[in-house]
Amino acid sequence: MTKIVILTGAGISAESGLGTFREKDGLWTKYDLNEVATPEGFARNPALVHEFYNARRQNCVEAHPNAAHEALARLEQYIDGQMLIVTQNVDDLHERAGSRQVLHMHGQLRQALCAGCGHRWEAPLVMQPADPCPACQGGPTRPDIVWFGEYPYYMDDIWDHLRGADLFVSIGTSGNVYPAAAFAQDAGRAGAYTLELNLEPSMCGDDFVESRYGAASVLVPQWVDEVLGA
Ligand code: APR
């Protein structure tokens, strides 16, 4: 029984019009991540942080899954085996393409979190600092996003899947951020075949047995067709 773990990053959603982070014109070239993607930044200026994520939530609503998201959903549907997508992305394009086994290790734009009581609920399109938590009526209420300096979600589950994988594929990530940047090494050490599909070599490109470079909307459907023997 084939067990595939797929890691995705901002590059898989780039052709859906959602920005990446570290390329030319990337989000971190326009915003100071210390101001909008750290707990300290949120404590200093929650209105600025909500403004940043409100804009990204609006972009996400207006975006559509591309051929790469759709190919992964097709793979999950027809594969003779198990498949898990671990995404660093906070958009919901994998789910809207039809993927069901998706873990958002950096959180999700469509979810809100109460920093007071830990309650999670579906985020409104626009969040404001004064929004009370629907459960405890307190707060502060924040986007359910894992910020720099915070611990990613589902790590024990992810490492279990990496240890049991036959195939690990990384799509559209620069390999700048840990622990995701170490997943290829973790999976390779446990015996998985490792494949990188990216526009250009990532920071951890040497950790992969095979690499293919190009646009995800071209590479991913091609690769899925190979796996499904189409
Ligand atoms: N097809 C395939 N790959 C692409 C495409 C494309 N159309 N466009 C861009 N890429 C690649 C780039 O070459 C780059 O390697 O996607 C990668 C995007 O890298 P980053 O902008 O660093 O995004 P990512 O790797 O997802 O960042 C990881 O950093 O800021 C944190 O939490 C944030 O989840 C994010 C994490």
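## Elements and model

Helices, counted as H or I runs of at least four residues, and strands, counted as E runs of at least two, are DSSP runs numbered from the N terminus. With those names in place, Pro140 can be located in the loop between β5 (120-122) and β6 (141-145). The structure discussed here is a predicted model.

## Surroundings of the ligand

For Thr173, an N or O atom of the side chain is 2.6 Å from a ligand oxygen, while for Trp28 the corresponding distance is 2.8 Å, and a polar side-chain atom of His106 lies 2.9 Å from an oxygen atom of the ligand. On its own the ligand has 730 Å² of accessible area, and the protein covers 95% of that area.

## Strand β1 and its partners

Strand β1 (residues 2-8) is mostly covered, since five of its seven residues are buried. β1 runs parallel to strand β2 (residues 81-87), to which seven bridges join it, and within this pairing Thr8 has Thr87 as its bridge partner.

β1 also pairs with strand β7 (residues 167-171), again in the parallel sense, over five bridges. In β7, the residue bridged to Val5 is Phe168.

## Backbone features in the loops

The bond joining Gly139 and Pro140 is cis, with omega about 0°. The bond from Tyr178 to Pro179 is likewise cis, with omega near 5°, and Pro179 lies in the loop between β7 and α9 (183-189).

Positive phi values in residues other than glycine form another topic. Asp25 has phi near 70° and sits in the loop between α1 and α2 (27-30); because its relative accessibility is 51%, Asp25 counts as exposed. Tyr154 has phi near 65° and belongs to the loop between β6 and α8 (155-163), and with a relative accessible area of 41%, Tyr154 is partly exposed.

Methods. Residues numbered from 1 in each chain as written. Predicted model: local features only at pLDDT ≥ 70, side-chain atom pairs only at ≥ 80, totals over all residues. Heavy atoms only, no water. Polar contact = N/O pair within 3.5 Å; in protein donor to acceptor, adjacent residues only side chain to side chain. Areas by Shrake-Rupley, 256 points an atom, 1.4 Å probe, with all protein chains shown as cover. Buried < 20%, exposed > 50% of the residue type's maximum accessible area, 1.4 Å probe, protein only. Pairing = 2+ DSSP bridges.
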